[in-house]
Amino acid sequence: MSGYVGILVSDPLLQNQFTQVELRSLKTQFMSMRRDSGKLTLGDLPSKMSRLKVVGENLTEGERGAFIEDVYQNMQEGVDFELFLRVYLKLQAHASARTGSGAKNSSAFLKAATTTLLHTISESEKASYVAHINNYLKDDEFLKKYLPIDPSTNDLFEIAKDGVLLCKLINVAVPGTIDERAINTKSQLNPWERNENHTLCLNSAKAIGCTVVNIGNEDFIEGRRHLVLGVVSQIIKIQLLADLNLKKTPELVELVDDSKDVEELMSLPPEKILLRWMNFHLKKSEYRRIVTNFSFDVKDAEAYAHLLNVLAPEHVDSSIFKVKDPLQRAKLVLQHADRMGCKRYLTERDIVEGCPNLNLAFVAHIFQHRNGLRQTKQISFIEGSLEDNQLSREEKALCFWINSLGPSTSVDNVFEDLRNGWILLETLDKISMGIVNWKIANKPPIKMPFKKVENCNQVVNLGKQLKFSLVNVAGNDIVQGNKKLILAYLWQLMRCNMLQLLKNLRFHSNGKEISDGDILEWANSKVRGSGSKSRTTSFKDKSLSDGTFFLELLSAVQPRAVNWSLVTSGVTDEEKKMNASYIISIARKLGCSIFLLPEDITEVNQKMILTLTASIMYWFLKQPVEERAPPTPDSDSGSQPDTSSSSATDDSGSESSTESGSSI
């Protein structure tokens, strides 16, 4: 039956958004609508979709109509099943954003805005993010001619259209993510160069933890404000919360009492740590409530008044505790913050209206500026395990990969957030549609431990069905958070996803299985075919550390991709790292959704090297045969990769999935 569903939906990106059961149900409703109307158009959908869950319950017919017309303009356009699914996803996300559902917690920092198509924006949030950009990018050599941006205009969205601004902002948030040699920064970019910048931006955003499902290059090129602002907000969030871990701020150990509490603290997402820090200081004051979110709990500004009094009593205005009006109290809070030298990020009106995004930004900046913590406790009991407990490169890569698939709940920690088995079942169903038996699955929230074990038992059984190596592994190992086993399972799941994508794309007609050896041989053949004598014997070949082989592979699949004048000889460690950084950015610029770091190449991390090679192979095989011919050196043309991917190897829709070509 799963093959039948696959025929109904040829776009892998759409397949990744639904379970088999959901697709069948939506197909039935779509066919019913079409029977009622004969030919179904976009103009018919506002009334017809009233019977759909979420979309029908939370939006009026007028709201549905206005939204569809805003996004698609031509309401007379005919609707096939795939367009119906796209409209449904956008309306569902819009409805969820309107009702506030779908976020993992109340402190989600505009996560909904980047996974939905909310077509209104907060002017206050826009002004705050523009001020942030003006401050952190004011000295950038390329952008200084455009800065400062006027927050009262839409200049932000115009400047973002060439992709440079967002690429630079990503590097501010996580330095070194993008090799700036790969950014197209000419004064006048042609459409292909702009497209490459947006591709690089979106794949890099995913690699640092942003959720960009259902966002593509065209959204930036057309200046869709809600989507641009959503991505900007997530990038800024990552920057502001970067220090909320024990590795960068060991003083956070003051928030806990023993080693068990430390391990729990390190497993929390940054927003939760920030709330714990805030409540830790509030206990020192006369404030007796617990702050659990950055919205309702801070609307009266009382918590802020007491927090700032604890952190900077020398700047307090004693009248703040006598004021009855929340708006006036919020105004005094911001004046206190100004005297501390903290950036505002919000207005007094934003505080009393409970804007979670800006309140989170405000508190995060206070933490960065003055956290009020002292490392007075002995931390010898965690020093040995700190490196083990801190998310490793591999753990982060797997975490970001799962989030790129668009799970129902965002994953912050692969050991804690997967223990009930539900997200693993969702991931399995997206990789191999129809494989999960949802009738016996238990949906969160799950209070009974045995229900979690039931889910995880199915996860293990399905892994065995997919031929994973799971000797002596039981569902309870996942429930208990066994790190070694969870990492091993996730790696095999990620590898299975890559191999399945390659099989579906290139060999779907005869069902040939793809092996690691096939990928290796393909890479060697492409490099050899380009006239190079380079060759690698395996994905752990130490000669790969200088990056030369991958640069030649990228040049072989897209001759204009590599600027060889920027490549180093790869002799010293620094030169190797520069080449590795360039390789990753060029691959992402082509359209490869990859989650490795330069160190994974220089240290020849076998697993991550495989993901890189497979991703390049997948990108190449997606391209129509006629587009694979090398362009002339001075040509402005190039490939136009799709970046709305949500998989480890950019599993975006491909019209070339049925094309024939030379075997690998």
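Guide: In this predicted model, Val-604 counts as buried, at 6% relative accessibility. The residue is placed in the loop between helix 30 (598-602) and helix 31 (606-622). Val-604 also has a positive phi, of about 55°, although it is not a glycine. Most residues other than glycine have a negative phi, and most peptide bonds are trans.

Lys-467 belongs to the loop between helix 24 and helix 25 (475-479). Whereas Val-604 is buried, Lys-467 is exposed, with a relative accessible area of 76%. The cut-offs are under 20% relative accessible area for buried and over 50% for exposed.

One joins Leu-147 and Pro-148, with omega about 0°, and Pro-148 is located in the loop between helix 9 (123-136) and helix 10 (155-159). Another cis bond runs from Pro-444 to Pro-445, where omega is near 0°. Pro-445 is part of the loop between helix 23 (422-431) and helix 24 (449-465).

The protein chain has 31 helices and zero strands. Of its 664 residues, 56% count as buried, a group that includes Val-604. Among contacts in the chain with a separation of 6 or more, 65% are between residues 24 or more positions apart.

In soluble globular proteins, nonpolar side chains tend to be buried together. The largest nonpolar core here holds 178 residues, of which Leu-274, Trp-277 and Met-278 touch the most other members. Helix 26 (residues 483-506) supplies the largest share of this core, 13 residues. Apart from it lies another core, of 26 residues, including Leu-59, Val-79, Leu-83 and Met-433.

Leu-274, Trp-277 and Met-278 are among the buried residues of helix 16. This helix (residues 270-282) reaches 18 Å from its first C-alpha to its last, close to the 18 Å expected for its 13 residues at 1.5 Å a residue. Because 10 of the 13 residues are buried, helix 16 is largely enclosed by the rest of the structure. The buried set also includes Glu-271, Asn-279 and His-281. Leaving aside neighbours within four places in sequence, Trp-277 is in contact with Leu-255, Leu-307, Leu-311, Val-363, Ile-366, Phe-367, Arg-370, Asn-371 and Leu-373.

The buried residues are Glu-395, Ala-397, Leu-398, Cys-399, Phe-400, Trp-401, Ile-402, Asn-403 and Ser-404.

Two packed helices are described by the angle between their axes and the distance between the axes. Helix 16 packs against helix 17 (residues 302-311) at an angle of about 75°, with the axes 9 Å apart; the two are therefore roughly perpendicular to each other. Trp-277, Met-278, His-281 and Leu-282 of helix 16 meet Ala-303, Tyr-304, His-306, Leu-307, Val-310 and Leu-311 of helix 17. By class, this contact has eight nonpolar, two polar and no charged residues.

Helix 27 (residues 516-529) and helix 28 (residues 548-557) pack at about 70°, with their axes 8 Å apart, and are therefore also roughly perpendicular to each other. On helix 27, the contact involves Trp-522, Ala-523, Asn-524, Lys-526 and Val-527, and on helix 28, Phe-549, Glu-552, Leu-553, Ala-556 and Val-557. These residues divide into seven nonpolar, one polar and two charged, whereas the contact of helix 16 with helix 17 has no charged residues.

Conventions:
Residues numbered from 1 in each chain as written. Predicted model: local features only at pLDDT ≥ 70, side-chain atom pairs only at ≥ 80, totals over all residues. Heavy atoms only, no water. Core = buried A, V, L, I, M, F, W, Y, C linked by side-chain atoms within 4.5 Å. Buried < 20%, exposed > 50% of the residue type's maximum accessible area, 1.4 Å probe, protein only. Helix = DSSP H or I, 4+ residues; strand = E, 2+ residues; numbered from the N terminus. Contact = heavy atoms within 4.5 Å. Axes fitted to C-alpha atoms, helices over the stretch in contact; angles between N-to-C directions. Parallel < 35°, antiparallel > 145°, perpendicular 65-115°, else oblique. Nonpolar A, V, L, I, M, F, W, Y, C, P; charged D, E, K, R; others polar. Expected span 1.5 Å × (residues − 1).
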